[in-house]
Amino acid sequence: MISGRRVVIQTATGPVKGVTGKRAVHLMDEADRKKVPEIHEIWIDIGARSKKEALERVSIGDVATYDHEFELIHGSIGASRAFDNKVGAYIVGETLIRLSAVRKKLAAKVVAVATAQEEIGVRGATTSAYAVNPHIAVAVDVGHATDHPDCDNRKYGETKLGGGPIICRGPNINPKIYQRLLKAAKKLRIPYQLEADPRPTGTDARAIQMGRGGVATGLVSVPLRYMHTPSEMVDLEDVERCVQLFVEFALALEKRDYAHW
Ligand SMILES: [Zn+2]
């Protein structure tokens, strides 16, 4: 997925454009063509004439991102790099904005966190769960939509784009939070999908559940195709339904709830 991409390197003196280089197919022998390049065989070409010039423009450790912007593909279906997990950050932020308009109806204090470094060991969720010290929490991530031509539903379940938020169940999930999320979806009459995960999930819920003395944790995922590619696909209707779900979930919380969880 890395070869032939436009990238932007963030440097101290501003963005530097580049291209991920690869030997042309004509210059490869039969065996080379079948090989996936390893990390040390990949480079970013910034059009520099020498190592000296390259080091004047970028520094070791500068971060590069794919130069792919958000685009609507059809109707409410959009493609973007890093929907995983920009949509999560959007959902919790938008939920707070909508809750602020009805804040007097809230029995709970609601905190939204955009965690850093989930992908490399739920690190932001670990520190955030400690700092916020919540009674209950719900993680928001993306989940695999399996409705494309190369997915075995026996292995990966049946989830689809536009099918609504995916509500997770399993040992990482508090059963009462799961029930409440379900109840909220039913009350809103929005479509939703179920996912069972028998292990610690690959999401922030994993860290939050074990924060301090333990946190009753739920997990809602936005269905997404092509995870971790530069063109992830999401139905914005599902994103909106997640916001509605969280608003309803928060408004339904009562003071006495927390004693039971
Ligand atoms: Zn991810």
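Two exercises on this predicted model follow, each with a worked solution. Residues are numbered from 1 along each chain as its sequence is written. Local features need pLDDT of at least 70, side-chain atom pairs count only at pLDDT 80 or more, and totals for chains, interfaces and linings use all residues.

**Exercise 1.** Describe the packing of helix α6 and helix α8.

*Solution.* 
1. Locate the helices: α6 spans residues 175-188 and α8 spans residues 236-251. Helices are DSSP runs (H or I, at least four residues), strands likewise (E, at least two), numbered from the N terminus.
2. Take the geometry. The angle is about 115 degrees, and the axes are 9 Å apart. Axes are lines fitted to C-alpha atoms over the stretch in contact, and angles run from 0 to 180 degrees between N-to-C directions.
3. Classify the angle. α6 and α8 are therefore roughly perpendicular (65 to 115 degrees).
4. List the contact (C-beta atoms, placed from the backbone, within 7 Å). α6 gives Arg180, Leu181, Ala184, Ala185, Lys187 and Leu188; α8 gives Gln244, Leu245, Glu248 and Phe249.

**Exercise 2.** Which exposure class do Arg189 and Tyr226 fall in?

*Solution.* 
1. Arg189 sits in the loop between α6 and β9 (193-196). Tyr226 sits in the loop between β10 (216-225) and β11 (232-235).
2. Check the backbone. Arg189, not a glycine, has a positive phi of about 55 degrees. For Tyr226, also not a glycine, phi is positive at about 65 degrees.
3. Apply the cut-offs: buried means 20 or more other C-beta atoms within 10 Å, exposed 12 or fewer, partly exposed in between, with C-beta atoms placed from the backbone.
4. Conclude. Arg189 has 6 C-beta neighbours inside 10 Å, so Arg189 is exposed. Tyr226 has 17, so Tyr226 is partly exposed.

Notes:
Angles under 35 degrees count as roughly parallel, over 145 as roughly antiparallel, 65 to 115 as roughly perpendicular and the rest as oblique. Two residues are in contact if their C-beta atoms, placed from the backbone, lie within 7 Å.
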